[in-house]
Amino acid sequence: MKKLPLLFLALWCVYGIAQEKFTLSGTVSESATGETLIGVNVLITDLRTGTITNEYGFYSITLPEGTYDVTFSSLGFTSQSITIDLSQNVRQNILMESDAEQLDEVVIEADVERASIRAAQMSVNTLTAETVRSIPVVLGEADVVKSILLLPGVTNAGEASSGFNVRGGAVDQNLILLDEATIFNSSHLFGFFSVFNPDAIKDVKLFKGGIPSRYGGRVSSVLEIFQKEGNNREVKVNGGIGAVASRLLAEGPIVKDKAAFLVGGRASYAHLFLPLFDIDNSAYFYDLNTKINYRINDRNSLFLSGYFGRDLFSINESFVNVYGNALGNFRWNHIFSDKLFSNLSVIYSDYYYGLELDFVGFEWNSGIQNFNIKYDLKHYLSDKLQVNYGINNIYYSFNPGRIEPNDAESGIIEDQLIKKYANEFAAYVDVEHTLFERLRVQYGLRLSNFIRFGQDEINVYENNRAVEFDPLLQIYRGADPIRVDRSSRSDQLATFTNLEPRISLSYMFNEDASIKASYTRIAQYLHLLSNTSSPTPLDVWTPSGSFVEPQLLDQYAFGYFKNIFNRDYTLETEVFYKDIQNRIDYIDGANLIANDAIEQVILNGEARAYGLELLIRKNNGNLQGWLSYTLSKSEQRTPPRNEFETGINNGEWYNTPFDKTHDITLYGNYQLNEKWSFNGNFVFQTGQPTNFPIGQFEFQGLVIPYYGLRNTSRLPDYHRLDISATLTPRKNRIRKWQAEWVFSIYNAYNRRNAASINFRQNQDTGVNEAVRTSIFGIVPSVTYNFKF
């Protein structure tokens with residue numbers, strides 16, 4: 001009997017030694033360029049576990065001591081399998097070779113691996129740069145924003161409209177990040193193009209729900225875009241010449257295998273031909289992408305990236321509009337250990353809007369600046385538990401507008417609308433946890449704090465109400481301030497603190513099917529002041545404060561995911577419900593332009609959206625693509641504040657301008673042979689809600705229309721077909737200069753989709769008539785792409 005404890009002790013020692021764990025970690029890069037790869041699957045087949053590389057190509061997984069076959073796989077690259085003897089911590093960097101045969105067939109990045117079925121993350125779509133370049137778009141210019149519009153749950157206000165709408169949300173409810181820096185306006189030329197150069201893009205990811213707690217500040221979605229780092233092996237140049245714009249990008253080593261640069265530019269030039277037709281108007285854009293990275297050693301890397309873009313639109317030089325984004329980001333990656341990865345970012349972002357009106361005699365300048373410092377860490381505790389945590393702090397400076405005379409005789413008095421200042425702080429923790437082989441959960445908490453600082457002048461109103469209700473006329477109108485206070489910038493006018501829990505989970509029925517569910521709470525402290533269906537550059541941002549409460553989102557989502565037909569096809573279906581508190585609404589007749597008392601025309605209401613999303617994808621073969629369908633509803637209301645008021649729209653729910661009941665997209669890519677490939681997409685959407693007059697009356701000889709409740713009418717349904725063909729000469733194989741021709745037709749059957757419908761009185765008959773305004777008919781284009 002005395003020997004029994006010794007036996008248990010021996011067994012415990014043997015078991016303890018057998019269960020000793022070590023960490024396998026490293027960085028995965030592309031062999032030809034040295035570019036780190038995002039989202040590479042690292043699979044340990046023997047243990048039916050694995051991980052993926054992060055945004056900087058780093059991976060880490062902790063396993064029991066032993067010998068394992070490890071497979072590294074990513075769509076578009078040749079898979080690699082290596083054998084690792086894990087008897088100590090192992091640092092293993094991997095170089096992956098591009099799979100040339102698959103490169104032109106890429107559609108959506110890699111959800112066909114089993115890890116996608118198992119992962120708790122849901123409501124996320126990833127696009128490769130190759131996909132973006134293959135999708136036919138207007139005027140032949142590849143476009144990130146136009147590409148994500150083909151995904152379920154994503155729409156916009158129509159052709160030539162700015163931004164995009166996700167799951168019934170507004171444009172300002174999307175957080176758009178380029179190398180972690182905030183983009184406040186994602187459009188060139190009022191929506192004809194996006195600000196993202198497809199040649200400079202490395203990865204595009206859209207979060208529609210189940211948003212991890214490291215993101216915050218917007219209640220609808222996160223569009224995260226990373227630029228390429230630059231080729232650290234050899235100098236490469238690529239570009240394209242299109243019908244209205246061209247682009248050029250160069251990248252190469254500064255110090256081979258250690259430091260690299262990237263610089264790319266785009267510019268439109270259609271305006272250069274307008275004088276040939278005696279047209280004095282002009283419209284063009286240009287932008288510049290830059291990046292430098294320096295690998296100090298295996299544990300430290302530095303990155304410096306930037307973007308600068310400008311648009312100019314002028315009419316006879318008497319009206320000149322200039323606007324655009326500028327941003328810069330300095331990042332430091334540091335690996336503390338095989339299990340702990342960190343990233344420190346210092347970010348500057350600026351959005352500028354300028355207007356010059358010579359016929360009036362003044363210049364208008366406005367914008368928003370922010371300074372952001374963030375520190376993120378990822379702790380790989382084991383193969384079943386990973387923890388992300390960090391902090392970030394953003395300081396905002398808002399310039400609603402400054403008016404300056406540009407002519408001494410104009411009579412315009414110089415004026416500065418009241419500048420506003422604010423600070424947003426957040427701390428978060430996010431846990432990725434495998435509870436059982438079939439059950440994974442991702443849960444986190446974000447603590448956000450927003451401070452509205454003092455400003456030169458503050459209107460004070462009776463009962464603290466800037467909007468009053470006229471019971472006689474049954475209308476809302478701005479109240480008159482009872483006094484004007486002054487404060488210093490160090491004063492705090494308002495403070496908001498919110499806890500934002502997030503949780504996502506997945507349960508796997510088998511290797512090819514799972515269900516997922518998520519809950520997300522997010523606070524949004526910035527608001528875009530716009531009462532148009534598509535924002536314009538003149539719209540201004542305003543921070544939360546005494547009269548504008550922060551928006552609060554609660555979103556619930558449930559989904560079923562399945563690989564079918566030997567994983568050649570993937571089925572993804574989700575239902576969602578979103579409830580948003582404090583969505584701002586505008587009183588009838590609200591004037592938002594150059595309004596120094598914006599609180600007098602807005603009220604806090606609520607919004608909701610719910611729907612079903614379906615995505616069926618074909619992932620393999622010469623023919624690839626997807627079919628997406630969204631059935632959804634998006635509404636808002638502003639109820640009365642007391643029993644004596646009516647509320648906006650009589651306090652009833654009404655359709656938001658971005659409510660689209662049905663949204664169907666079919667996209668296909670067919671690789672005929674090495675020389676020819678074909679792409680096409682068909683889009684159908686329910687018509688956009690709008691207001692049509694329901695009657696008219698005559699007053700002093702004028703015929704005046706009157707309207708009913710908000711957004712009860714709709715524009716005609718929207719649909720179009722786009723097609724393209726890509727010709728790649730066979731001689732590309734044997735020469736350094738490689739090229740391709742892209743022939744595309746936008747709106748192939750010349751559908752005249754309505755951008756708006758206006759009503760007027762026919763001058764000849766005196767009868768009222770509706771006039772449809774369309775932006776595009778059929779638009780053919782040719783683009784020549786090259787690289788060497």
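Biologist: How many aromatic pairs does the structure hold?

Modeller: There are 31 aromatic pairs in this predicted structure. One of them joins Y59 and F72, with 5.5 Å from centre to centre and 70° between the planes, an edge-to-face arrangement.

Biologist: Where do Y59 and F72 lie in the chain?

Modeller: Y59 belongs to strand 4 (residues 58–64) and F72 to strand 5 (residues 66–73). The two are 13 residues apart.

Biologist: Are Y59 and F72 buried or exposed?

Modeller: Both Y59 and F72 are buried.

Biologist: Why is the pair of Y577 and Y610 stacked?

Modeller: The ring centres of Y577 and Y610 are 6.2 Å apart and the planes meet at 20°, so this pair counts as stacked. Planes under 30 degrees apart are required for that label.

Biologist: Which strands hold Y577 and Y610?

Modeller: Y577 is in strand 39 (residues 569–586), and Y610 is in strand 40 (residues 602–618). The pair therefore ties together parts that are 33 residues apart in sequence. Y577 is partly exposed, at 34% relative accessible area, and Y610 is partly exposed, at 33%.

Biologist: Which residues form one aromatic cluster?

Modeller: That cluster consists of Y56, F58, F226, F303, F341 and Y380.

Biologist: Turning to charge, which residues gather in the patch of negative charge on the surface?

Modeller: The negative patch brings together D280, E317, D358, D407 and E409.

Biologist: Where does D358 lie?

Modeller: D358 is in the loop between strand 24 (340–357) and strand 25 (362–382). Its relative accessibility is 39%, and D358 therefore counts as partly exposed.

How values were computed: Residues are numbered from 1 along each chain as its sequence is written. This is a predicted model: local features need pLDDT of at least 70, side-chain atom pairs count only at pLDDT 80 or more; totals for chains, interfaces and linings use all residues. Side-chain values use heavy atoms; hydrogens and water are left out. Patches are made of residues with over 30% relative accessible area and no salt bridge: like charges are joined within 9 Å, nonpolar side chains (Val, Leu, Ile, Met, Phe, Trp, Tyr) within 5 Å. Accessible areas come from the Shrake-Rupley method with a 1.4 Å probe; for residues, only the protein chains shown count as cover. A salt bridge is a side-chain nitrogen of Lys or Arg within 4 Å of a carboxyl oxygen of Asp or Glu. Lys and Arg count as positive and Asp and Glu as negative; His and the chain ends are not counted. The place of a charge is taken as NZ of Lys, CZ of Arg, CG of Asp or CD of Glu. Helices (H or I, at least four residues) and strands (E, at least two) are DSSP runs, numbered from the N terminus. Buried means under 20% relative accessible area, exposed over 50%, partly exposed in between (1.4 Å probe, protein chains only). Rings of Phe, Tyr and Trp (its six-membered ring) pair if their centres lie within 6.5 Å; planes under 30 degrees apart count as stacked, over 60 as edge-to-face and the rest as tilted.
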